[in-house]
Amino acid sequence: MPVLEPKLKEVFGYDTFRPHQREIAESFLAGRDTLAVLPTGAGKSLCYQLPAVVRDGLTVVISPLIALMKDQVDQMTASGVPATFLNSSLDGTEARRRFAGLHRGEYRLLYLAPERLMLPEFLPRLGEWGVSALAVDEAHCISEWGHDFRPEYRRLREVREAFPGLPLLALTATATPRVREDILQQLELREPAVFVASFNRPNLTYRVVPKSKAADQVVKFVRERPDDAGIVYCQSRRAAEAMAAALSKDGVQAVPYHAGLEADERSRHQEAFLRDEARVVCATIAFGMGINKPNVRFVIHADLPKNVESYYQETGRAGRDGLPSECLLLYSRGDVVKYLRFFEDIEDVQARNEARAQLEKMTHFAEDERCRRVALLGYFGEEWTEDNCGACDQCLAPREKWDATTDVQKLLSCVLRLRQKSGFSTGLNHAAEVLTGGKSEKLLRWGHDTVSTYGLGRDQPRTYWVDLGRQILRLGLLEATEDKFATVSVTERGMQILRERLPVHLTRPMAAPKTGGAGRRRPSRAGEIACDEGLFNVLRKLRAELAKARNVPPYVVFSDATLRHMAHDYPGDEAALLQIPGVGERKLSDFGDVFLAAIGGWLQANPKRGFKSV
């Protein structure tokens, strides 16, 4: 098998592999079917790009989005690798030119959408182009248990039937064990090698804060980070438009992105964001899958995502270059109620129950008092064993613990008394109403003003008792039905708490920030590259000029991480510049002289600064 390191450095500019990259690339290169589950930013693309450079023939990559195809081809071309894509964005003349190049064997990589691949006349053509391998990106789209199911992905097994000898590499960033099994089955992978990396993204800081005037919170957060690009996810098109308008009014270059915009306008807004012409994009979930912009420094969820997988994938678009980045979730129970009302319109009972169950898990994550990494990684079956992750709101500013024994006993007793009185269970909101001495028509009709716990909790607002109930639901002292009405009952563990008067200590609820913001950045974070910030900004401006001249996004020239390494090491010649991560032979040839000149010019007017080695 060819040695991969020389090509890794020559083409991609890196001396070492990230975790699992070598093993996945070697497995695929050896002709073995392979499934790779790597977090966003872990370098999935290289796992098929490097083998494509090394092996003979054409590697076909199935990709779900046109924008991603163009982005990948731009990056491969900039690194000296002949690559192309075929999709509906090409006019007839350009499509014919690319077909001719494929017939002549000019390309190493071909990017296709699954719909194009499965056209009746297309599969026979593949047989004429010397295809040697097949890669399926965003492979979770093939599973109906995943959060991005796309029926057209199910037909990819027909490619296996047409080309039984082709090795297949399936890649995804988000796959629970259930989804992984579905991918293996649907793609009919044969004796596959399976690689599942840690889902931890050490350079990301996770925060959840109560929503309180979301637009004000987002504007303040963005204002405090004047040089950073980010994504704000909103639940609706109208909310995305309003958020972009609020940011624009504050002087931020912000654009909306949602399915209601004309295709040309959506494309313009996405390009503006990718090219650093717009600093923030305010989007619905229509935006993001496959977005390869590495310098997204923050992702804000102004509304609650529907499920944990969506949240993980969307936050994963921050910090793909490994530099410190932030993920902020603004949480409100009101968002949960909106979704539940929406789910009532889902006719399929199984689908409706599945949507509710997924939302409940997302809600538990938002309300959880544990380290965010413990909760997030645990969802994907991974155990986080460290006491303090140092990069989430729960670990950076732990909430106060308090003795909730008396109040828990009141609530558990109330739930029991209501069941005994009426012979049926009620919901948490109803129990809270009884505890606070409510007088609704339903409460009085059922005689719940006569139970012994009526009015026992008047010293606290009704929301307090609902929040307390949700905490002890997560602790397993109460359990809720999964139907529309979600009635609650006391579990055996809850009965034990009552019988033996066992102490219960809970965590104080999240408090809305007084300033409307979400906290400033920590001075030292995972992935940080200390450097000469003045030189870094000079190099960023130079990169922007070169990218504009070539009509590509700036990160196609060099990533922020590569520029920070330059501003850390001050390379003075080609040999030194070639040692910078991300500088390969082709980019040294294309850009080396101008970047060396810029660094030399900076040092004529400014002294070198010393930094700890990276």
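Glutamine 49 lies in helix 3 (residues 46-54); helices are DSSP runs of H or I of at least four residues, strands are E runs of at least two, and both are numbered from the N terminus. The model is predicted: local features need pLDDT of at least 70, side-chain atom pairs count only at pLDDT 80 or more, and totals for chains, interfaces and linings use all residues. Residues are numbered from 1 along each chain as its sequence is written, and side-chain values use heavy atoms, without hydrogens and water.

**Glutamine 49**
- Glutamine 49 counts as buried because its relative accessibility is 5%; buried means under 20% relative accessible area, with a 1.4 Å probe and protein chains only.
- Beyond neighbours within four places in sequence, glutamine 49 contacts Phe12, Gln72, Met76, Leu109 and Tyr111; contact means heavy atoms within 4.5 Å.
- Threonine 59 is 10 residues from glutamine 49 along the chain, and their C-alpha atoms are 8.4 Å apart.

**Whole chain**
- The protein chain has 27 helices and 17 strands.
- Of its 614 residues, 56% count as buried.
- Its C-alpha atoms fill a box of roughly 85 × 65 × 45 Å along the principal axes.
- Among contacts between residues at least 6 apart in sequence, 74% join residues at least 24 apart.

**Confidence**
- The mean pLDDT of the protein chain is 90, and 95% of its residues reach 70 or more; pLDDT is the predictor's confidence in each residue, from 0 to 100.
- Over residues 515-523 the pLDDT is below 50, and this stretch has 22 contacts in the model beyond near neighbours in sequence.
- Where pLDDT is low, the predicted coordinates should not be read in detail.

How values were computed: Buried means under 20% relative accessible area, exposed over 50%, partly exposed in between (1.4 Å probe, protein chains only).
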